[in-house]
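I opened the model and kept short notes on what I looked up. The entries follow in the order I made them.

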Amino acid sequence: MMALTNKIHDAFGYIQADARLKEGTKQFLRKQSREKSVQGYHRVMKYAVSAVCGILFMVMGGVGYSWILRPVSYVSIDVNPSIELALNRFDRVVSAEAYNAEGEEILDGLPLKWKKYTEAIDTVIGSERMRLYLTDTSQLVLTVVTDSTNEAKLTEGVKACTSYVEGGCHSTQADINAAPQAHENGVSCGKYKAYLELLQYDSSITLDECRKMSMEEIWERIREYEEGGEDDGIDGTGIRGEDSGNEDGPVSDVSETGEETGCGYGYGNGNGERRGQRYGNGSSHHGRGHHGEMHE
């Protein structure tokens, strides 16, 4: 009997051991499950953070790249070929545009993008194809188009680039606000400015006509009007000046010969001479507009 009792006791002991094992196993499995859940959560968060960072990087990179590519200044190079360099805020070339067939031939194959603007100008002017247009009678005009804060620096650099060019060459400035209108009309800012200056003298001139003209031809016509204005009393805008004063002026005493030596004068906007009124014996006097000079 005692032996049987011991066997039953031993059997129940094994059962108790198995129950503890089961409980321990359950606890182990619950712990493993929690750890896996935590690891899974961390893994998901890691992937999420990486994805968000990647998206932000692409967005910021795109915005930064767009910021670098945005033109803020222009330099027009006009002879007969018409070329314009667009510069970013670091004065680097972000694009080069040709506005006629001659300009396209010159730009073909020239590596200009990302170059400093002075280096790009030297590359264009020094190219073999451009040298064909730089003759003794040609007119090379470089136009700086930027805001007031950057104008002096760009102009100084442009002048340094053209100091070695023989023949007619000069630099000028244009309003940055006129750039969109010039581009909408398919011309460089430099040629558009020349067109506006010629338009002051000749209201019949069209932009299409100027587009086909070289800078030499445009400026030659402007010079003709300016020189003609000196003789005809035309002011700097091509408008004849109107009198705004006493045309006759005071008359001095009559000399022994009967001739009057009056100091008649007339005001006008131009530099041309205008004929005065006859006095006394019929000799005419005329004075130079707005200077008040009189001579017979």
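I count a contact when heavy atoms lie within 4.5 Å. This is a predicted model, in which local features need pLDDT of at least 70, side-chain atom pairs count only at pLDDT 80 or more, and totals for chains, interfaces and linings use all residues. Residues are numbered from 1 along each chain as its sequence is written, and side-chain values use heavy atoms, with hydrogens and water left out.

**Entry: I121**

Which residues does I121 touch, not counting residues up to four places away in sequence? I found V75, I77, L85, L142, V158 and C161. I121 lies in helix 3; helices (H or I, at least four residues) and strands (E, at least two) are DSSP runs, numbered from the N terminus. I looked up its accessibility: I121 is buried, at 0% relative accessible area. Buried means under 20%, exposed over 50%, and partly exposed in between (1.4 Å probe, protein chains only).

I traced 5 strands in an open sheet, ordered 3-2-1-4-5, with mixed pairing. Two strands pair if DSSP finds at least two bridges between them. Strand 3 (93-98) and strand 5 (168-175) each have a single partner strand, so one side of each has no neighbour in the sheet. Strand 4 (residues 139-146) and strand 5 run parallel and are joined by 8 bridges. In one of them, Q139 has G168 as its partner in strand 5.

I then looked at what packs on the sheet. Helix 3 (residues 117-125) touches strand 1 (73-78), strand 2 (82-87), strand 3 and strand 4, and its direction makes about 165 degrees with that of strand 2. Helix 5 (residues 148-162) lies across strand 1, strand 2, strand 4 and strand 5, at about 155 degrees to strand 4. Axes are lines fitted to C-alpha atoms, for helices over the stretch in contact, and angles run from 0 to 180 degrees between N-to-C directions.

**Entry: salt bridges**

How many salt bridges does a search of the whole structure find? I noted 4, where a salt bridge is a side-chain nitrogen of Lys or Arg within 4 Å of a carboxyl oxygen of Asp or Glu. One of them joins D91 and K153 (2.8 Å, N to O). D91 is in the loop between strand 2 and strand 3, and K153 is in helix 5, 62 residues apart. D91 is buried at 2%, whereas K153 is partly exposed at 45%.

I also noted E220 and R223, joined at 2.8 Å, N to O. Both lie in helix 9, 3 residues apart, about one turn of the helix.
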